[in-house]
Amino acid sequence: MKYAIAKIVFWITGWKLDAPDELKKQALNTVTLAAPHTSNWDIVYSLGAFWLMRMPVKFLIKDFYMKWYFFGFFKWLGGIGVNRKQRSNLVETSARILRDTDFNLMISAEGTRKRVEKWRLGFYHLAKQADVDISLGYLDYSKKSAGLLGVVKAGEMNATLDEIEALYKDVKGKYPELYNPKIY
C-alpha cells in the first residue's frame, strides 16, 4: 500500500526517483541522511522515495507525534518518538536498534528546517557505533528528484564528512536559503 501511495504522489507532483540498483543494495541497513531539510514536505518525498525503492525505513521524530490522538499514524509511517527535552544517549540507543534490526534509520543531520551553521554529527557517531555505512538520501527540488547520492563508509571523521559535503554541494532544497551545505 505504501508503494502505491508513493507512486501516486510522485506521479501527481512530477517527482522522479533516482536510485540505481547497485546503490539500493549498498544502502540496506544504514544510517541514511535526509538532506537538505528545509520544508515539512521533505518527509513526504523522503518516505515516498524509500517506499518506491521498497526499502524498510524508520525515522526519528518528536515524541509528541507518537501520542494516542494521532492514532498510530506516525508509527505506521516509521516514526520513532524522541523526547528532546530529556537527556538520553540517543546515539547509543539508536545504534543498538540498528544492530538488532534490518532497516534504514533516516536522520536529518541539520536537525531542523531552519538554517544552521553546521550539521549535527550524531549520524556519523551512530554509524561508527553501529558499524554500518552512511547512505546519502537527497531531495533536489530544482530537479524534482529524490533518491540516493551514494553510500559512504564511516571512516576517519574529517575525510568522511568532506566526502559527504562534496556529494551534497549541488543539491537544492525547497528553500535554498535555509540550507547550509557546510557540515562543520
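In which strand is S145 found? S145 is found in strand 7, which covers residues 145–152, where helices (H or I, at least four residues) and strands (E, at least two) are DSSP runs numbered from the N terminus. The structure is a predicted model, in which local features need pLDDT of at least 70 and side-chain atom pairs count only at pLDDT 80 or more, while totals for chains, interfaces and linings use all residues. Residues are numbered from 1 along each chain as its sequence is written, and side-chain values use heavy atoms, with hydrogens and water left out.

S145 is buried, with a relative accessible area of 4%; buried here means under 20% relative accessible area, exposed means over 50%, and partly exposed is what falls in between, with a 1.4 Å probe and protein chains only. When its neighbours within four places in sequence are left aside, S145 is in contact with W15, K16, D18, Y138, L139 and D140, contact being defined as heavy atoms within 4.5 Å.

Apart from neighbours within four places in sequence, A19 is in contact with K24, M53 and L148.

The discussion now turns to the helix pairs. The axes of helix 1 (residues 2–13) and helix 3 (residues 41–53) come within 8 Å and cross at roughly 125°, where axes are lines fitted to C-alpha atoms, for helices over the stretch in contact, and angles run from 0 to 180 degrees between N-to-C directions. That angle makes helix 1 oblique to helix 3, since angles under 35 degrees count as roughly parallel, over 145 as roughly antiparallel, 65 to 115 as roughly perpendicular and the rest as oblique. Helix 1 passes helix 3 in a left-handed crossing, a term used if the near helix is turned anticlockwise from the far one by less than a right angle, with right-handed used if clockwise. On the side of helix 1 the contact is made by K2, Y3, I5, A6, K7, V9, F10 and T13, and on the side of helix 3 by V44, Y45, G48, A49, W51 and L52. By class, the residues of this contact between helix 1 and helix 3 divide into ten nonpolar, two polar and two charged; Ala, Val, Leu, Ile, Met, Phe, Trp, Tyr, Cys and Pro count as nonpolar, Asp, Glu, Lys and Arg as charged, and the others, Gly among them, as polar.

Within helix 3 lies G48, which is buried at a relative accessible area of 2%. Leaving aside its neighbours within four places in sequence, G48 is in contact with A6 and F10. The C-alpha atoms of G48 and A146 are separated by 8.8 Å, although these residues are 98 residues apart along the chain.

Helix 5 (residues 90–100) has S94, A95 and L98 as its buried residues. Seen down the axis of helix 5, these buried residues fall within an arc of 105°, so they line one face of the helix, the arc being that of the directions from the helix axis to the C-beta atoms. An α-helix has 3.6 residues a turn, so residues three or four places apart point the same way. What covers the buried residues of helix 5 includes strand 2 (31–35), strand 3 (57–62), strand 5 (104–107) and helix 6 (122–130).

The axes of helix 5 and helix 6 come within 9 Å and cross at roughly 45°, and the two helices are therefore oblique to each other. Their crossing is right-handed. In this contact V91, E92, S94, A95, L98 and R99 of helix 5 meet G122, H125, L126, Q129 and A130 of helix 6, and the residues comprise five nonpolar, four polar and two charged.

The peptide bond from A35 to P36 is cis, with omega near -10°, and P36 has its place in the loop between strand 2 and helix 3. R54, in the loop between helix 3 and strand 3, has a positive phi of about 55° although it is not a glycine, and R54 is exposed, with a relative accessible area of 59%. F71, placed in the loop between strand 3 and helix 4 (73–77), likewise has a positive phi of about 55° without being a glycine, and F71 is exposed at a relative accessible area of 74%.
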